[in-house]
Amino acid sequence: MTSIDEYWNKFIKETGRSEEDRCAGDLNFEAKGFVGDELITLVLTDHKTAFFTSWATYTIDQEPLPVSGELYVVLDRSNTPRCIIEIQSVEIVPFNEVTWEMARLEGEDENLGQWKERKQEYLEDEGAILGFKFTPDIKLVFQTFKVIYK
């Protein structure tokens, strides 16, 4: 049994949730410019309650989009489970239509301009690896979440 399985089973037992509840997967919040587990700390302190991913990633990998209610185990940089989050909402939004109200929920930037600059750089790097090009209207998957166990 993996440490993720052990953590999930502990979560089920301690919260009284049904053993039928399923983990949708695991997530690791890493970003350029952050060292150690700074992003995990933002998640654990409710300063990070959302994240964006490229829609292209899902289509290229032929993965279904997440849905509200899914549960994920969040791992730190050493792949140790740190918490479980529940997806609250999922929305497809073009990059150039992201508002500061949305971007600030990621908890990483001080203003929309800084967010756009960092996110564009990330998307350009990801696109170079996966085979898509950044455009101002590139589709993003915007997910909000809440920590339900730590």
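Guide: We start at the pocket and then follow rings, charges and a few loop residues.

First, some ground rules. This is a predicted model, so local features need pLDDT of at least 70, side-chain atom pairs count only at pLDDT 80 or more, and totals for chains, interfaces and linings use all residues. Residues are numbered from 1 along each chain as its sequence is written, and side-chain values use heavy atoms, with hydrogens and water left out.

Now the pocket. The largest pocket holds about 870 Å³ of space. A pocket is an open set of points on a 1 Å grid over the protein atoms alone, where a 1.4 Å probe fits and protein lies on both sides within 12 Å along at least five of seven lines. Grid points are joined across faces, edges and corners, and the volume is the space filled by probe spheres set on the points. Lining residues have an atom within 4 Å of a point.

The lining of the largest pocket has 36 residues. Nearest its centre lie Asn 28, Phe 51, Phe 52, Thr 53 and Tyr 122. Which elements supply at least two residues each? They are strand E1 (23-28), strand E2 (50-54), helix H3 (55-60) and helix H5 (112-130). Helices (H or I, at least four residues) and strands (E, at least two) are DSSP runs, numbered from the N terminus. H5 gives the most, with eight residues.

By type, the lining divides into 14 nonpolar, six polar and 16 charged residues. Here Ala, Val, Leu, Ile, Met, Phe, Trp, Tyr, Cys and Pro count as nonpolar; Asp, Glu, Lys and Arg count as charged; the others, Gly among them, count as polar.

Two charges sit over rings. The charged end of Lys 119 is over the ring of Tyr 122, 5.5 Å from its centre. Tyr 122 is also one of the residues nearest the pocket centre. The charged end of Lys 139 is over the ring of Trp 55, 4.4 Å from its centre. The rule asks for NZ of Lys or CZ of Arg within 6 Å of the ring centre and within 35 degrees of the ring normal.

Rings also meet rings. The structure holds 10 aromatic pairs. Rings of Phe, Tyr and Trp (its six-membered ring) pair if their centres lie within 6.5 Å; planes under 30 degrees apart are stacked, over 60 edge-to-face, and the rest tilted. Tyr 7 and Tyr 149 have ring centres 5.4 Å apart and planes at 65°, so the pair is edge-to-face. Tyr 7 is in helix H1 (residues 3-15) and Tyr 149 in strand E5 (residues 139-149), so the pair ties together parts 142 residues apart in sequence. Both tyrosines, Tyr 7 and Tyr 149, are buried. Buried means under 20% relative accessible area, exposed over 50%, and partly exposed in between (1.4 Å probe, protein chains only). Ring pairs also link Phe 52, Phe 95, Trp 115, Phe 134 and Phe 142 into a cluster. Phe 52 lies among the residues nearest the pocket centre, too.

Next, salt bridges. The count comes to six, where a side-chain nitrogen of Lys or Arg must lie within 4 Å of a carboxyl oxygen of Asp or Glu. Glu 108 and Arg 118 meet in one, at 3.0 Å from N to O. That pair links distant parts of the chain: Glu 108 is in the loop between helix H4 (100-103) and H5, Arg 118 is in helix H5, and they are 10 residues apart. Glu 108 is buried at 18% relative accessibility, and Arg 118 is partly exposed at 26%. Asp 109 also bridges to Arg 118, with the closest N and O atoms 2.6 Å apart. Asp 109 is buried, at 12%. Shared partners join Lys 48, Glu 108, Asp 109 and Arg 118 into one network. Asp 76 and Arg 82 form a salt bridge as well, at 3.6 Å between the closest N and O atoms. Asp 76 counts as buried at 6%, while Arg 82 is partly exposed at 31%.

Last, the loops. Asp 46 is not a glycine, although its phi is positive, about 60°. Asp 46 sits in the loop between helix H2 (38-44) and E2. Gln 62 has a positive phi too, about 55°, and is no glycine. Gln 62 lies in the loop between H3 and strand E3 (71-75) and is exposed at 72%.
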